[in-house]
Each structure stands twice: as structure tokens, then as C-alpha cells.
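Dear colleague,

Please find below the structure that I am handing over to you.

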Amino acid sequence: MTDRPSARISSRKQPKQARSADLVAAILDAAVQVLGKDGAQRFTTARVAEKAGVSIGSLYQYFPNKAAILFRLQSDEWRRTTELLRGILEDEQRPPLERLRTLVHAFLRSECDEAAMRIALNDAAPLYRDAPEAQEAMASGERIVQAFMQEALPEASEATRALAGELIITTLTEVGRQFSETPRAPAEIEDYADAMADMFCAYLKHLEHS
């Protein structure tokens, strides 16, 4: 079936009983397997239903089209990333630069662990990247970063903090994506993360004293 970017991407309904929750979990698990094997271009609801061992009608009770399934997988990934950001950047018991260094290491490890899925979801992004749900999901992470920058650079202007936050997250995301496209050994990830964290920390120290 064909799904346009404007098609509904929200789940049709939320499971309320354990059996329904198990069904949705089975569909999503099958979707991950189909996406990893066939890629976004050959991903279909029929293949997901077959892999999950459910009827296409049962699948459509919860996901109206393939964009809805892919968006759910992407939303789950965004949620994990947001939880990662919040858990590290909002830890006020640790100095800001220490938190930033920890985030870089955790993010790069996550990127490398889930590289295949992230690449496939990126290929599917045109199905939902302009949807309101997508914008709302990304805004949460941006607010966490902005709050962290206010703490890390209390004397800087709002424009400087906004630029610093955008530069760090954009660099971390794009470089992490490219770095994870090649299989990496743990030691290689550690060294790369150290170098990137050194660069970010030096940048914030410069802004703090400029």
C-alpha cells in the first residue's frame, strides 16, 4: 500500500488490556525485524502482519498504515533519546561539563548499538517528518538542552546559549550518525567520544570566559 507524508500517523487506538498490549508488542517486534531485513523501501503492513503471525485486520485495529508503525518505532527512539538527555543533563548533583561528557559517551554508544535501525528509520523519515506529532516529539529534547545551557552558561546571552545548544546537539547527532554507519570496537567508540567531549567542553569554557 502507498502512504503519503500527509497520511495519519498516530496509532488508531491504544491497547487497554494485557492481550491487546501483547498484540501491539508483537507487531512492533515484527516491524523491527522486517525493517532491519528489508529496509524502509520494502517495508509493508502485510509483511509485518505475516511476521507477527496476526491478520492484517488485527494490525489495522492499532496502526492505520505503515507510516503509523514506522512513526511509532521512531517515537519510541525519540522517547529513549529524550530520557537519555533528561537523565544525564538534569542531574544537578554533577558539574555541567561532566554531564556533557557523560552524554557524549552514552549517545555514541547508543548510536552504534542501534545503527541499523536508525539508518532504516532515517530512510523512512519522509513519511512523517513534517507531521505535528514529529515536531512535538523533538521539541521536548530541545527544551532539555536549553535548560542545560542556561545552567552551563549562566552569564551568556540567550542567543549565545541557543547557538551553543544547537551546535552541540546538531554536531553530536550528525557526527554520531556517520560514525555509527561503520561497525566500531568499544575502545574506538570510547576514544572518539573522549575527543568529541573534549571539543565540546573546550567550546563551552571559551564561551564562559569570553
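Predicted model: local features only at pLDDT ≥ 70, side-chain atom pairs only at ≥ 80, totals over all residues.

Overall fold

The protein contains nine helices and zero strands, so the order of elements from the N terminus on is α-α-α-α-α-α-α-α-α. Along the principal axes, the C-alpha atoms occupy a box of roughly 60 × 35 × 30 Å. Of the 210 residues in the protein, 41% are buried. When contacts between residues at least 6 apart in sequence are considered, 73% of them link residues at least 24 apart.

Helix α5

Helix α5 covers residues 96-113, and its 18 residues should span 26 Å at 1.5 Å a residue. The buried residues of α5 are Arg99, Leu100, Leu103, Val104, His105, Ala106, Phe107, Leu108, Ser110, Glu111 and Cys112.

Helices α4 and α6

Two packed helices are described by the angle between their axes and the distance between the axes. For helix α4 (residues 66-89) and helix α6 (residues 115-124), the angle is about 125° and the axes are 10 Å apart. Because of that angle, α4 is oblique to α6. The crossing of α4 past α6 is left-handed. On the α4 side, the contact involves Leu70, Leu73, Gln74, Glu77 and Thr81, while α6 contributes Arg118, Leu121 and Ala124.

Helices α8 and α9

Helix α8 (residues 158-180) packs against helix α9 (residues 186-209) at an angle of about 165°, and their axes are 12 Å apart. An angle over 145 degrees counts as roughly antiparallel, and α8 and α9 are therefore roughly antiparallel to each other. Their crossing is right-handed. From α8, the residues in contact are Thr160, Leu163, Ala164, Leu167, Ile168, Thr171, Leu172, Val175 and Phe179. Their partners in α9 are Glu188, Ile189, Tyr192, Met196, Met199, Phe200, Tyr203, Leu204 and Leu207. The residues of the contact between α8 and α9 comprise 15 nonpolar, two polar and one charged.

With kind regards

Note on methods
Residues numbered from 1 in each chain as written. Heavy atoms only, no water. Axes fitted to C-alpha atoms, helices over the stretch in contact; angles between N-to-C directions. Helix = DSSP H or I, 4+ residues; strand = E, 2+ residues; numbered from the N terminus. Parallel < 35°, antiparallel > 145°, perpendicular 65-115°, else oblique. Left-handed = near helix turned anticlockwise from the far one by under 90°. Contact = heavy atoms within 4.5 Å. Expected span 1.5 Å × (residues − 1). Buried < 20%, exposed > 50% of the residue type's maximum accessible area, 1.4 Å probe, protein only. Nonpolar A, V, L, I, M, F, W, Y, C, P; charged D, E, K, R; others polar.
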